[in-house]
Amino acid sequence: MQKQIIIRTDKHNGLYDITSQTEKIVEESGIQSGIVNVYAQGATAAIMVQENWDESVQNDVVTLLKNLIPSGVLEHDAQDKNGDSHLKAGIVGPSECIPIINGKMGLSTWQNIFFCEFDGPRKERSIIISCLQI
């Protein structure tokens, strides 16, 4: 089963929790044992499994990446001023695979799935959710 999630982002760099939307698709799939792949469409976005307790870890991720990869100093910036966005997305990666165990995602208590925006805000971002039975 494969479905698309569309979200709107309101920050230039930010993490957006998409766990509940993904859980719903896993439930709809009826798969009891398998994997769910969560894939961000776009060269300036990524997917990350991260702590969900509060926003401090998500804010720290954004701060770390901003400090590691500054904007306005890269070769690609001469073309469309988002060289840092491409590098951040490449480092984090476009997808995550999560096991499906007894019909539910195998995330721990403190894990959620986040869409990582590195070139926002955007009216529309697309995420592909693929559920595969094993």
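Predicted model: local features only at pLDDT ≥ 70, side-chain atom pairs only at ≥ 80, totals over all residues.
Residues are numbered from 1 along each chain as its sequence is written, and side-chain values use heavy atoms, with hydrogens and water left out.

By a nonpolar core I mean a set of buried Ala, Val, Leu, Ile, Met, Phe, Trp, Tyr and Cys residues joined through side-chain atoms within 4.5 Å; buried is under 20% relative accessible area, exposed is over 50%, and partly exposed is in between, with a 1.4 Å probe and protein chains only.

V36 deserves a moment of its own. Leaving aside neighbours within four places in sequence, its contacts (heavy atoms within 4.5 Å) include T22 and V26, I98 and I100, and I129 and C131. V36 also stands opposite I98 in β5, and β3 and β5 pair in the antiparallel sense over 7 bridges, two strands being paired if DSSP finds at least two bridges between them. β3 pairs with β8 as well, again antiparallel, over 8 bridges, and there the bridge partner of Y39 is I128.

Turning to the open sheet, 3 strands form it in the order β2-β7-β4, with antiparallel pairing. β2 (14–17) and β4 stand at the edges with a single partner strand each, so one side of each is left without a neighbour in the sheet. The twist averages 35° from one strand to the next; for such angles, axes are lines fitted to C-alpha atoms, for helices over the stretch in contact, and angles run from 0 to 180 degrees between N-to-C directions. Helix α4 (residues 83–92) packs on this sheet, touching β4 and β7, and its direction makes about 50° with that of β4. Within α4 sits K88, which is buried, with a relative accessible area of 2%, and which is in contact with N13, L65, K66, I69 and F118, once neighbours within four places in sequence are left aside.

In helix α1, T19, T22, I25, V26 and S29 are buried. They cover an arc (of the directions from the helix axis to the C-beta atoms) of only 125° around the axis, which puts them on the same side of α1. The face turned away from that buried side carries the exposed residues K24 and E27.

Finally, the structure holds 1 aromatic pair. W53 and W110 are edge-to-face, 5.1 Å centre to centre with 75° between the planes; rings of Phe, Tyr and Trp (its six-membered ring) pair if their centres lie within 6.5 Å, and planes under 30 degrees apart count as stacked, over 60 as edge-to-face and the rest as tilted. W53 lies in the loop between β4 and α2 (55–68) and W110 in the loop between β6 (104–105) and β7, so the pair ties together parts that are 57 residues apart in sequence.

Conventions:
Helix = DSSP H or I, 4+ residues; strand = E, 2+ residues; numbered from the N terminus.
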